Amino acid sequence: MDPARFEDIRPYRDDEVRPVLDRLIADPEMSRALAHFLVPGAARMLERPVAWLVRQFVRFELRKARDVRGVQEVVEKYVGRIVERTTSEFTISGLDSLPRDRACLFVSNHRDIAMDPALSIVAMFREGHETSRIAIGDNLLTKQFATDLMKLNKSFVVRRQAGSRREKLAAATQLSNYIYHSVVNDNEHVWIAQRSGRAKDGMDRTNPALVAMFAMTKDKKTPFAEFWRKLHIVPLSISYEWDPCDASKAKELYITEHQEEYRKAEHEDLGTLARGITGPKGHVHAAFGTPIEGDFNDVASIAEEIDRQIIGNYVLHPTNLIAYQMLYGEAPDLPVSYPARPWHPDEHETTRQKFEKRMADIDERWREKAIRAYANPVVSRLAYE
């Protein structure tokens, strides 16, 4: 498979890193964007000096980076600090049992634009694994500096804005080939969400079309079961005690239901990205499943197995059971947290009060949708019990 076929979607190579970094540092738009991100309330008259300080800071931090690993070492340091500041605890399970001598295709549930893949990278760093290439939609790459930042961090492009049916087929074929090439030929891990877009309703379900896309690379002679074993698919569950974007997700769901189309403001995804990064998340857990290596002979059975593992490994938090109780009157006897412990409602009264106040602050028109998003992981678990 000719690697030149992936030129327009692949991450940057080591030899490209330094020139791209120099371009980024010189880009005033990136400095201004980071200034607004770091100091959102800064007055307009402070914009230029803050942006100048940001540029000097970025130049200093990246002065020694010469390859992708060097960039990721800097990124991991700051993502690690974000995790420390925005979570009460970050726990990991399952990663220590995965083999270190071959690449995996991590198919993950998707709740947050940036933090889902970022947390998987932090987890892999901490457990001594090589990090993964990351599938990211072109809707997030509306600016050149954003594209550069993502592709420096091993991200490759999923072209969601392809126009005609023929263009969409070509994009899907290229993506399928690139994922296979990464895992099987380059021995590089890949992270991809189980469906396009975040699960705004808290229902983590794999789109069978995603699995069908994986299979576009398979030749006619290779049996399905053998092909899946080559891809080494590992389901990944990431759960947040608190979702920084819960109100905005609920609003989008409500408006979509009551209008023909939810129209995002310009660069709205980048604003959501910032909120997801900086907002408090409470306890966060990343649960890595086991490689799918059984005799699965079709797309539907693989999608079902991914769902089974993602839902079964998903760590429930007290907020999930509190939300379920608010909707249905009584919470089921399911374990919470990690390590798992029995659910005793009277032990979480402070969390209940905080949750009820948080929900009360959300517009009453879409408040129930926010509550359901927290409750639905419990609904999913009960369906698989």
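A residue counts as buried when its relative accessible area is under 20%. With that in mind, welcome to this predicted model, in which buried residues make up 54% of the 385 in the protein.

Let's start with the whole. The chain folds into 15 helices and 7 strands. Its radius of gyration is 21 Å, close to the 21 Å that the globule rule gives for 385 residues, so the protein is as compact as a globular protein of that length. Along the principal axes, the C-alpha atoms fill a box of roughly 65 × 60 × 45 Å. Contacts also reach across the sequence: among those with a separation of 6 or more, 77% join residues 24 or more positions apart.

Which residues of α4 are buried? They are V68, G70, V71, Q72, V74, E76, V79, G80, V83 and T86.

Next, look at how two helices meet. Helix α10 (residues 246–258) packs against helix α15 (residues 367–384) at an angle of about 115°, and their axes are 8 Å apart. The crossing of α10 past α15 is right-handed. On the α10 side, the contact is made by D246, A250, L253, Y254 and E257, while α15 brings K369, A370 and Y374. Sorted by class, this contact has 5 nonpolar and 3 charged residues, with no polar ones.

Technical notes
Residues are numbered from 1 along each chain as its sequence is written. This is a predicted model: local features need pLDDT of at least 70, side-chain atom pairs count only at pLDDT 80 or more; totals for chains, interfaces and linings use all residues. Side-chain values use heavy atoms; hydrogens and water are left out. Buried means under 20% relative accessible area, exposed over 50%, partly exposed in between (1.4 Å probe, protein chains only). Helices (H or I, at least four residues) and strands (E, at least two) are DSSP runs, numbered from the N terminus. Axes are lines fitted to C-alpha atoms, for helices over the stretch in contact, and angles run from 0 to 180 degrees between N-to-C directions. A crossing is left-handed if the near helix is turned anticlockwise from the far one by less than a right angle, and right-handed if clockwise. Contact means heavy atoms within 4.5 Å. Ala, Val, Leu, Ile, Met, Phe, Trp, Tyr, Cys and Pro count as nonpolar, Asp, Glu, Lys and Arg as charged, and the others, Gly among them, as polar. The radius of gyration is taken over C-alpha atoms; the globule rule is 2.2 Å times the number of residues to the power 0.38.
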